[in-house]
Amino acid sequence: MVRIGAFLVGLFFAGWLLISFLVGAYAFVTEPPQPTVEHEFHLNPKHVAYSFDGPFGKYDQRQLQRGFQVFKEVCSACHSLKFVAFRDLAALGYNEPEIKAIAKQWAIKTPDVDPKTGEMSTRDPVPADYFPKPFANNVAAAAANNNAIPPDLSLMTKARHHGSAYIYSLITGYRDQQGYKNAKGEELLKAFPDAKTPEGLHFNPYFANLNLAMAPPLTADGQVTYGDGTKPTVDQMAKDVAAFLTWTAEPKLENRRRAGLATIIFLLIATGLAYMAYQNIWADKKKAA
Ligand code: HEC
């Protein structure tokens, strides 16, 4: 009796599954999913070569310094870097007095409390401080940026697929939406007349939903002046700032790779030793057989 009951319950669930599968399959065939504008017109990041690519790659300190300069002079007006402290810049090759000066001259000041009155105040950052945030809070950040909050960039290259290439592509990828075609030659506004970029947003096919609230941050060659003689084209600045943001997200990349390599070499030697020990231990037994 119990067995029949269990069988019926099982049959009920199996039947239910089968029916919902058939209903879903019927709907899929009769009303196939509509192509979306993101699906048809989104672009994957461009290919870009970096010194830190591949298992033996290393950061190029001069490039990181240039990228830091772009961050400082352009991006830091809107974006925070809350996991990076001024003293971390030592890894980019700055010495202590230089780091002190960079912190002291930072345009955004560190929030503090006046020790006499207890009132909120600000002071010059010191090397031990993290980079101060450009906006007091998210409400202020959204109010200044067409309702979008500029995200913290410390870990951005880890948060997006092909992070370094993505940031480079995003910064250099703004387009005129009018007349924009995809690789198949379809024109966006003809295929999706409703997908016009809303007022206050900016069209960029490298951004997941094609329109973002950030205006193109790098618009002219020479927007920053590099000290090392590199020509500051928009392309170069975008490449450098993406390298800098790769470092902020993974400052220990070189150590990690070195440790990985040492581990592989160690394991290879250990495997060889184990094999030789095995041969040695069983040598006579095999002869006997
Ligand atoms: C005027 C303010 C402003 C400046 C300057 C600015 N950004 Fe932004 N940024 C924004 C805003 C606002 C967003 C959020 C956009 C959105 O979600 O629609 C954003 C988003 C981003 C994103 C995230 C995109 C994503 O996939 O979510 C990255 C990366 C970025 N900015 C990089 C930079 C870099 C690099 C610079 C300097 C070269 C820079 N930004 C300068 C305002 C700014």
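Helix H7 is mostly covered, with nine of its ten residues buried. A residue is taken as buried if 20 or more other C-beta atoms lie within 10 Å of its own, as exposed if 12 or fewer do, and as partly exposed in between, with C-beta atoms placed from the backbone. The structure is a predicted model, in which local features need pLDDT of at least 70 and side-chain atom pairs count only at pLDDT 80 or more, while totals for chains, interfaces and linings use all residues. Residues are numbered from 1 along each chain as its sequence is written. Helices (H or I, at least four residues) and strands (E, at least two) are DSSP runs numbered from the N terminus.

The buried residues of H7 are Ser164, Ala165, Tyr166, Ile167, Tyr168, Ser169, Leu170, Ile171 and Thr172. They pack against helix H6 (156-159) and against H9. Contact here requires that the C-beta atoms of two residues, placed from the backbone, lie within 7 Å. His162 is located in the loop between H6 and H7. The phi angle of His162 is near 50°, a positive value in a residue other than glycine. His162 counts as partly exposed because 15 C-beta neighbours are found inside 10 Å.

The largest nonpolar core comprises 38 residues, of which Leu64, Ile167, Ala238, Val241, Ala242, Phe244 and Leu245 touch the most other members. Helix H3 (61-73), H7 and helix H9 (234-249) are the elements that give two or more residues to this core. The most is given by H9, with eight residues. A nonpolar core is defined as a set of buried Ala, Val, Leu, Ile, Met, Phe, Trp, Tyr and Cys residues joined through C-beta atoms within 7 Å.

H3 and H9 pack at an angle of about 100°, and their axes are 7 Å apart. The two helices are therefore roughly perpendicular to each other. On the H3 side the contact is made by Gln63, Leu64, Arg66, Gly67, Phe68, Val70 and Phe71, and on the H9 side by Met237, Asp240, Val241, Ala243, Phe244 and Trp247. By class, the residues of this contact divide into nine nonpolar, two polar and two charged. Axes are lines fitted to C-alpha atoms, for helices over the stretch in contact, and angles run from 0 to 180 degrees between N-to-C directions. Angles under 35 degrees count as roughly parallel, over 145 as roughly antiparallel, 65 to 115 as roughly perpendicular and the rest as oblique.

The shell around the ligand contains 23 residues, and Cys75, Cys78, Ala213, Met214 and Pro217 come nearest. A residue is near a molecule or strand if its C-beta atom, placed from the backbone, lies within 6 Å of it. H7 (residues 163-172) gives the most to this shell, with three residues. The shell has 20 nonpolar, two polar and one charged residues. In this classification Ala, Val, Leu, Ile, Met, Phe, Trp, Tyr, Cys and Pro count as nonpolar, Asp, Glu, Lys and Arg as charged, and the others, Gly among them, as polar.

Several further positions were examined individually. Phe52 is placed in the loop between helix H2 (37-41) and H3. Phe52 is partly exposed, with 19 other C-beta atoms within 10 Å. Leaving aside neighbours within four places in sequence, Phe52 is in contact with Gly57, Lys58, Tyr59, Thr246 and Leu253. The C-alpha atoms of Phe52 and Phe13 are separated by 54 Å, with the two residues 39 apart along the chain.

Asn147 lies in the loop between helix H5 (138-144) and H6. Its phi is near 70°, a positive value in a residue other than glycine. Asn147 counts as exposed, with 10 C-beta neighbours inside 10 Å. Ala144, in helix H5, has 15 C-beta neighbours inside 10 Å and so counts as partly exposed. From C-alpha to C-alpha, Ala144 and Lys82 are 19 Å apart in space and 62 residues apart in sequence.

Ala6, in helix H1 (residues 2-30), counts as exposed, with 10 C-beta neighbours inside 10 Å. A C-alpha separation of 63 Å is found between Ala6 and Ala215, which are 209 residues apart along the chain. Met120 belongs to strand E2 (residues 120-123). Met120 is exposed, with 10 other C-beta atoms within 10 Å, and touches Pro111 and Val113 when residues up to four places away in sequence are not counted.
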